[in-house]
Amino acid sequence: MEKLLMTPGPTNIPNDVFNKMSLNIHHRTDEFDEIYKNVNIKLKRLFGCKNDLALLLSSGTGGLEASVVNLFSKGDKLLVLNCGVFGKRFADIARIYGVDVHEKIVEWGKGVIEDELRQELEKEKYKAVYATYSETSTGVKNDIKKLGQVVKNYDSLFIVDIVSALGCVEFNADEFSVDAAIAGSQKGLMCPPGLSIISLSDSAWDAIYNSTIPKFYFDLKKYKDLNMPYTPGTSLILGLDESLNIIEHNGIDNIIKRHKRHSDIVKYGCKLMGLKEFPDSRFNSEILTALYVPEGLSAKEIIKEMSKQGIVIAGGQGKLKGKIIRIGHMGYVKDEYIIKTMKGLGTSLNTIGYKNDTDNIVKQIENMLEAQK
Ligand SMILES: Cc1ncc(COP(=O)(O)O)c(C=O)c1O
């Protein structure tokens, strides 16, 4: 049975992407050079950045590590806005390399507001500030545009993890004053995992040339000017070429609207089922819906029941393991996937003893999807 990946990544992959990935192309050819160049042009439009991007053969975490080893030197001060698993991960990576990490630890389920950031930056001078755009572990979205307006007044670099945000919610690196943005292939970009992509501002490049942390494979200077220092992920780059075509064909503004519409409808349907959302509603992300597991039920059981119907959803991470379930609605998601997921959720809950009027709720969801087409 074909699985429906309704997790906050990896996500569903369109057939055209899979087909493109199967092309047999050698990377040291004019043909691949042309594809690589075009992928970069499309990425620049999607990231909203003027400089070429670095494409690394690694998952998103590799991109986070690459940004640490390239932008910092030992002892540099970094402020991490830690809202969950991925904020903590960035702090952990930076600490390993001797960066002087200061963490603003935010209660899980909440994001950072500008005044809180301003207060931190008034107290201390930082070489860089890190924020997670969409904190996938908690379902929180930070307002990167507003946070960027604060950071730019303090002469610090702004590093943003957009692994689960790019291609789903509004982003423009240059306009949002983001110096380094790190994305991954397996979320809004609708590709399999394995590529991390980093955009870098001129200030970020200055920092790279001054960085003294040792590195080899992830030395971004080697990737400058579309250079491919090592064998690149040819099939992933081919897939990305196709997924970027799909994004451009549909229009990123329409895609962002679709994410919001699906998110609103899933959240509404879950509410009708009596489920409570985990994140504070002020910081709710459109890319996933994170829900408390109802009293007396087990997250594992809900996930297992849904899996029997071919629908994959995720549980909680870190301290939220067992406490929440997460439904992803990012990337390649059609209206019918939303209907199938909500039907699957309702019937799974009924099977394990949490009664809800699934038929009626699904009918409402179908009507809403139709009305808002
Ligand atoms: C916001 C965020 N950052 C970083 C990562 C890490 O990416 P990867 O699992 O590809 O290493 C993820 C993956 O779930 C993520 O959602």
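In this predicted model, an oxygen atom of the ligand lies 2.5 Å from an N or O atom in the side chain of T61, a pair that falls under the 3.5 Å limit used for polar contacts between N or O atoms. Local features need pLDDT of at least 70 and side-chain atom pairs count only at pLDDT 80 or more, while totals for chains, interfaces and linings use all residues. Residues are numbered from 1 along each chain as its sequence is written, and side-chain values use heavy atoms, with hydrogens and water left out.

**Around the ligand**
- The ligand is surrounded by 13 residues, of which the closest are S59, T61, T136, D161 and K187, where a residue is counted if one of its heavy atoms lies within 4 Å.
- An N or O atom in the side chain of S59 is 2.6 Å from an oxygen atom of the ligand, and for the side chain of K187 the corresponding distance is 2.5 Å.
- Of the 390 Å² of accessible area that the ligand has on its own, the protein covers 87%, as computed by the Shrake-Rupley method with a 1.4 Å probe.

**Nonpolar cores**
- The largest nonpolar core has 60 residues, and those with the most contacts inside it are F47, L117, I162, F171 and L240; such a core is a set of buried Ala, Val, Leu, Ile, Met, Phe, Trp, Tyr and Cys residues joined through side-chain atoms within 4.5 Å, with buried meaning under 20% relative accessible area (1.4 Å probe, protein chains only).
- A second, separate core of 39 residues includes V80, I198, L200 and Y223.

Notes. Buried < 20%, exposed > 50% of the residue type's maximum accessible area, 1.4 Å probe, protein only. Polar contact = N/O pair within 3.5 Å; in protein donor to acceptor, adjacent residues only side chain to side chain.
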